[in-house]
Amino acid sequence: MRFPIDTSQLRFTVTSPPTAAKDFTTKKVRVTDDGRPVMVVNLLAMDGTDSTKIKFNLPGAAPPDTGPAGTGGRAVLRHGPGR
């Protein structure tokens with residue numbers, strides 16, 4: 001299932017280096033079914049008057065660099081099996 005989110009009025013910045021996601025029970029690094037590590041990424045979403053921290057998981061992606069805020073666009077929140 002997809003939930004389109006209009007982010008055209010937002011700016012984003014990575015607030016800290018990505019870290020490996022860990023299984024709550026075993027404390028081992030979480031991996032995808034094909035063995036790629038799952039990374040936790042923290043962003044700050046800003047609209048010019050307010051901001052909020054967003055934390056999400058990226059399966060197997062290379063860690064993004066921290067840097068200047070990027071402009072918004074179109075984001076899709078995916079929810080469902082395997083997401």
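The charged end of K27 lies over the ring of F24, 4.6 Å from the ring centre; the criterion is NZ of Lys or CZ of Arg within 6 Å of the ring centre and within 35 degrees of the ring normal. This is a predicted model, in which local features need pLDDT of at least 70 and side-chain atom pairs count only at pLDDT 80 or more, while totals for chains, interfaces and linings use all residues. Residues are numbered from 1 along each chain as its sequence is written, and side-chain values use heavy atoms, with hydrogens and water left out.

The chain holds seven strands and zero helices, where strands are DSSP runs of E with at least two residues and helices are runs of H or I with at least four. Read from the N terminus, the order of elements is β-β-β-β-β-β-β. Of the contacts (heavy atoms within 4.5 Å) between residues at least 6 apart in sequence, 54% link residues at least 24 apart.

The chain has 83 residues, and 16% of them are buried; buried means under 20% relative accessible area, exposed over 50%, and partly exposed in between, with a 1.4 Å probe and protein chains only.

One salt bridge turns up in the whole structure, defined as a side-chain nitrogen of Lys or Arg within 4 Å of a carboxyl oxygen of Asp or Glu. It joins R36 to D34, with 3.3 Å between the closest N and O atoms. R36 is partly exposed at 39% relative accessible area, and D34 is exposed at 56%.
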